[in-house]
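Please open your viewer and have the selection tool ready. We will take a short walk from one stop to the next.

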Amino acid sequence: MRFSKNPSLNMENTNQMNITETYRITELLRRTFDGEPWYGPSVMDTLSDVTLEETLNQLPDSHTVAELVEHMIAWRTFAIKRLQGDTEFDVNQEASFVKISAMTSELWRDMLQRLHQTQEALLQILSQISDEKLAQMVAGRNYTFDRLLHGVIHHDIYHSGQIVLLRKM
(Lines give C-alpha, C1' and ligand atoms only; values in the text may rest on other atoms or scores of the structure.)
Protein backbone atom coordinates (compact mmCIF):
# COMPACT_ATOMS: atom_id res chain seq x y z
CA MET A 1 0.00 0.00 0.00
CA ARG A 2 1.35 3.42 -0.93
CA PHE A 3 0.60 6.41 1.29
CA SER A 4 2.34 9.35 -0.29
CA LYS A 5 3.97 10.49 -3.49
CA ASN A 6 6.65 11.96 -1.22
CA PRO A 7 8.85 9.02 -0.11
CA SER A 8 10.24 10.97 2.84
CA LEU A 9 6.75 10.97 4.33
CA ASN A 10 5.74 7.38 3.80
CA MET A 11 4.38 5.75 6.92
CA GLU A 12 5.42 2.32 5.64
CA ASN A 13 9.08 3.32 6.02
CA THR A 14 8.91 4.50 9.62
CA ASN A 15 8.84 2.85 12.99
CA GLN A 16 5.15 2.99 13.95
CA MET A 17 6.06 3.53 17.62
CA ASN A 18 7.84 6.82 16.86
CA ILE A 19 5.16 8.46 14.76
CA THR A 20 3.74 11.63 16.27
CA GLU A 21 0.21 12.88 15.78
CA THR A 22 1.65 15.94 14.04
CA TYR A 23 3.34 13.59 11.56
CA ARG A 24 0.09 11.65 11.02
CA ILE A 25 -1.85 14.85 10.31
CA THR A 26 0.89 16.06 7.96
CA GLU A 27 0.77 12.78 6.06
CA LEU A 28 -3.04 12.88 5.83
CA LEU A 29 -2.94 16.47 4.55
CA ARG A 30 -0.36 15.52 1.92
CA ARG A 31 -2.18 12.38 0.83
CA THR A 32 -5.64 13.90 0.58
CA PHE A 33 -4.49 17.16 -1.00
CA ASP A 34 -2.19 15.98 -3.77
CA GLY A 35 -1.12 12.44 -2.98
CA GLU A 36 -2.81 9.11 -3.43
CA PRO A 37 -5.60 8.76 -0.85
CA TRP A 38 -7.21 5.34 -0.47
CA TYR A 39 -10.72 6.60 -1.36
CA GLY A 40 -10.03 7.99 -4.83
CA PRO A 41 -8.76 11.24 -6.34
CA SER A 42 -7.01 13.82 -4.18
CA VAL A 43 -8.26 17.40 -3.96
CA MET A 44 -5.83 18.57 -6.63
CA ASP A 45 -6.54 15.57 -8.86
CA THR A 46 -10.22 16.49 -8.65
CA LEU A 47 -9.53 20.12 -9.53
CA SER A 48 -6.73 19.62 -12.06
CA ASP A 49 -8.89 19.44 -15.17
CA VAL A 50 -11.96 21.44 -14.14
CA THR A 51 -13.04 23.57 -17.09
CA LEU A 52 -14.07 27.21 -16.80
CA GLU A 53 -17.63 26.20 -17.54
CA GLU A 54 -17.56 23.59 -14.76
CA THR A 55 -16.36 26.15 -12.19
CA LEU A 56 -19.85 27.65 -12.28
CA ASN A 57 -21.79 24.36 -12.16
CA GLN A 58 -24.25 24.21 -9.29
CA LEU A 59 -27.44 22.58 -8.18
CA PRO A 60 -30.43 24.70 -7.14
CA ASP A 61 -29.86 26.33 -3.73
CA SER A 62 -26.24 25.21 -3.62
CA HIS A 63 -22.77 26.55 -4.34
CA THR A 64 -20.70 26.49 -7.50
CA VAL A 65 -17.44 24.57 -7.83
CA ALA A 66 -15.56 27.90 -7.57
CA GLU A 67 -17.48 28.89 -4.45
CA LEU A 68 -16.62 25.56 -2.84
CA VAL A 69 -12.93 26.11 -3.58
CA GLU A 70 -13.09 29.60 -2.02
CA HIS A 71 -14.85 28.06 0.99
CA MET A 72 -12.06 25.49 1.37
CA ILE A 73 -9.48 28.28 1.17
CA ALA A 74 -11.35 30.26 3.85
CA TRP A 75 -11.34 27.42 6.39
CA ARG A 76 -7.74 26.47 5.63
CA THR A 77 -6.80 30.14 6.15
CA PHE A 78 -8.66 30.12 9.46
CA ALA A 79 -6.60 27.11 10.59
CA ILE A 80 -3.36 28.77 9.47
CA LYS A 81 -4.13 32.06 11.22
CA ARG A 82 -5.11 30.36 14.47
CA LEU A 83 -2.04 28.11 14.42
CA GLN A 84 0.05 31.28 13.96
CA GLY A 85 -1.55 32.78 17.07
CA ASP A 86 -3.98 35.17 15.38
CA THR A 87 -7.00 35.17 17.69
CA GLU A 88 -8.80 37.94 15.79
CA PHE A 89 -9.16 36.32 12.36
CA ASP A 90 -12.47 34.55 11.98
CA VAL A 91 -14.52 32.88 9.30
CA ASN A 92 -18.28 32.75 9.05
CA GLN A 93 -20.86 31.46 6.60
CA GLU A 94 -21.10 34.75 4.70
CA ALA A 95 -17.35 35.29 4.45
CA SER A 96 -16.56 31.70 3.57
CA PHE A 97 -19.12 31.38 0.77
CA VAL A 98 -18.35 34.28 -1.54
CA LYS A 99 -20.81 34.45 -4.45
CA ILE A 100 -19.05 33.82 -7.76
CA SER A 101 -21.12 34.30 -10.90
CA ALA A 102 -18.39 34.75 -13.52
CA MET A 103 -15.06 33.04 -14.08
CA THR A 104 -11.92 33.71 -16.08
CA SER A 105 -8.83 31.58 -16.62
CA GLU A 106 -6.81 34.04 -14.57
CA LEU A 107 -9.25 33.99 -11.65
CA TRP A 108 -9.40 30.17 -11.65
CA ARG A 109 -5.59 29.91 -11.76
CA ASP A 110 -5.39 32.38 -8.88
CA MET A 111 -7.88 30.34 -6.83
CA LEU A 112 -5.95 27.12 -7.36
CA GLN A 113 -2.70 28.89 -6.53
CA ARG A 114 -4.16 30.27 -3.29
CA LEU A 115 -5.46 26.82 -2.39
CA HIS A 116 -2.00 25.38 -2.97
CA GLN A 117 -0.46 28.18 -0.87
CA THR A 118 -2.70 27.23 2.05
CA GLN A 119 -1.43 23.67 1.76
CA GLU A 120 2.20 24.82 1.83
CA ALA A 121 1.50 27.08 4.81
CA LEU A 122 -0.22 24.29 6.76
CA LEU A 123 2.64 21.88 6.07
CA GLN A 124 5.21 24.50 7.09
CA ILE A 125 3.43 25.21 10.36
CA LEU A 126 2.99 21.51 11.10
CA SER A 127 6.73 20.99 10.64
CA GLN A 128 7.31 23.46 13.48
CA ILE A 129 4.75 22.46 16.11
CA SER A 130 4.57 19.65 18.62
CA ASP A 131 1.80 17.30 19.61
CA GLU A 132 1.34 19.44 22.71
CA LYS A 133 0.15 22.30 20.49
CA LEU A 134 -2.44 19.96 18.95
CA ALA A 135 -3.95 19.40 22.39
CA GLN A 136 -4.46 23.15 22.98
CA MET A 137 -7.83 24.77 22.47
CA VAL A 138 -8.37 27.00 19.42
CA ALA A 139 -9.01 30.55 20.65
CA GLY A 140 -12.71 31.38 20.58
CA ARG A 141 -13.75 27.80 19.78
CA ASN A 142 -14.68 24.75 21.83
CA TYR A 143 -12.25 22.37 20.08
CA THR A 144 -8.54 21.65 19.91
CA PHE A 145 -6.05 22.24 17.10
CA ASP A 146 -6.03 18.47 16.57
CA ARG A 147 -9.77 18.50 15.91
CA LEU A 148 -9.48 21.62 13.71
CA LEU A 149 -6.79 20.05 11.51
CA HIS A 150 -8.64 16.76 11.18
CA GLY A 151 -11.70 18.86 10.36
CA VAL A 152 -9.82 20.62 7.55
CA ILE A 153 -8.90 17.23 6.09
CA HIS A 154 -12.47 15.93 6.32
CA HIS A 155 -13.83 19.22 5.00
CA ASP A 156 -11.58 19.02 1.93
CA ILE A 157 -12.66 15.45 1.22
CA TYR A 158 -16.35 16.33 1.66
CA HIS A 159 -16.21 19.27 -0.73
CA SER A 160 -14.06 17.35 -3.23
CA GLY A 161 -16.87 14.80 -3.42
CA GLN A 162 -19.37 17.58 -4.06
CA ILE A 163 -17.13 18.95 -6.82
CA VAL A 164 -16.90 15.53 -8.47
CA LEU A 165 -20.71 15.37 -8.57
CA LEU A 166 -21.09 18.97 -9.81
CA ARG A 167 -18.68 18.26 -12.64
CA LYS A 168 -20.98 15.50 -13.90
CA MET A 169 -23.83 17.92 -14.52
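**A tour of rings and a helix**

Start by selecting W75, which is partly exposed, with a relative accessible area of 22%. Keep in mind that this is a predicted model.

An α-helix has 3.6 residues a turn, so residues three or four places apart point the same way.

How many aromatic pairs does the structure hold? There are 2 aromatic pairs. For one of them, select W38 and Y39: the ring centres are 6.2 Å apart and the planes meet at 85°, so this pair is edge-to-face, since the planes are over 60 degrees apart. Colour by accessibility here: W38 is exposed at 78%, whereas Y39 is partly exposed, with a relative accessible area of 31%. Then go back to W75 and F78, an edge-to-face aromatic pair with 5.3 Å from centre to centre and 70° between the planes.

Next, pick K81 and F89. The charged end of K81 sits over the ring of F89, 5.9 Å from the ring centre.

Finally, select helix 1 (residues 21-34). Its 14 residues should span 20 Å at 1.5 Å a residue, and the end C-alpha atoms are 20 Å apart, which agrees. Show the side chains of its buried residues, among them Y23, I25, L29 and F33. What do the buried residues of helix 1 pack against? Their partners are helix 2 (43-47), helix 3, helix 5 (105-126), helix 6 (131-134) and helix 7 (145-167).

Definitions and conventions:
Residues numbered from 1 in each chain as written. Predicted model: local features only at pLDDT ≥ 70, side-chain atom pairs only at ≥ 80, totals over all residues. Heavy atoms only, no water. Phe/Tyr/Trp six-rings, centres within 6.5 Å; stacked < 30°, edge-to-face > 60°. Buried < 20%, exposed > 50% of the residue type's maximum accessible area, 1.4 Å probe, protein only. Lys NZ or Arg CZ within 6 Å of the ring centre and 35° of its normal. Helix = DSSP H or I, 4+ residues; strand = E, 2+ residues; numbered from the N terminus. Expected span 1.5 Å × (residues − 1). Contact = heavy atoms within 4.5 Å.
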